[in-house]
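Visitor: Could you show me how to read a pocket and a helix pair from a set of coordinates?

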Amino acid sequence: MVRTVARPTPTVEFVKQPRPWRSIIADVILVGLVSGPLAAPFLASTGLPILPQIASIIYFMGDHVCPQPEMGLALMPPYLMAVCMRCFGTLMGLVTMRYLFSVNQGQAPYWLNRYGLPGLILTLGLCLVYPFELYAQSWGWWEYNNFVVTLFGLVSGLGLGAYIMPPLHRAPRT
């Protein structure tokens, strides 16, 4: 019997593709959206030059995107976060989905864009949880509660993120 050296098994080398620009821009915007409302009260409370003006810009933007900015948390009393916890919960949902995309690159079954029109309809349904809660509150069904509004915002953010993260961050096919 003749013994020979076994041939090495071919290995698959993964070539890391460069990130598309839309992915980098989307991540920078997401970091700004999450950090701005948190930073605004701290910037506003400083006596240093320019920082209160930056906080004013963040508050201006928060006033125009948040339905209840006066309900933000007082992180640096008397200064509030620039958005309410419903909006911040939505941002946390988007951050969660961005993290999950970085883990599985859009291969898990919960990425809604892979299901076409039914996935889009489910996304819209999940996103409508946010305004439903806002209207339910205005109709007097319940009082404003940070925990409740954060959960409703989180569901909306998870739904939106489950649809938009793969197209934003997937490398283009070649």
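Guide: We take the pocket and then the helix pair. This is a predicted model, in which local features need pLDDT of at least 70 and side-chain atom pairs count only at pLDDT 80 or more, while totals for chains, interfaces and linings use all residues. Residues are numbered from 1 along each chain as its sequence is written, and side-chain values use heavy atoms, with hydrogens and water left out.

Visitor: How much space lies in the largest pocket?

Guide: Rolling a probe the size of a water molecule over the atoms shows where empty space is left. On a 1 Å grid over the protein atoms alone, a pocket is an open set of points where a 1.4 Å probe fits, with protein on both sides within 12 Å along at least five of seven lines, and lining residues have an atom within 4 Å of a point. Grid points are joined across faces, edges and corners, and the volume is the space filled by probe spheres set on them. Here the largest pocket holds about 430 Å³, and of its 19 lining residues Leu33, Pro37, Val65, Val83 and Leu91 are the closest to its centre.

Visitor: Which helix gives the largest share of that lining?

Guide: Helices are DSSP runs (H or I, at least four residues), numbered from the N terminus. H1 gives the largest share, five residues.

Visitor: At what angle do H4 and H6 pack?

Guide: Axes are lines fitted to C-alpha atoms over the stretch in contact (heavy atoms within 4.5 Å), and angles run from 0 to 180 degrees between N-to-C directions. H4 (residues 116-127) and H6 pack at about 155°, with axes 7 Å apart; that makes H4 roughly antiparallel to H6, a term for angles over 145 degrees. The contact includes Gly119 and Leu120 of H4 and Gly159 and Tyr163 of H6.

Terms used. Helices (H or I, at least four residues) and strands (E, at least two) are DSSP runs, numbered from the N terminus. Angles under 35 degrees count as roughly parallel, over 145 as roughly antiparallel, 65 to 115 as roughly perpendicular and the rest as oblique.
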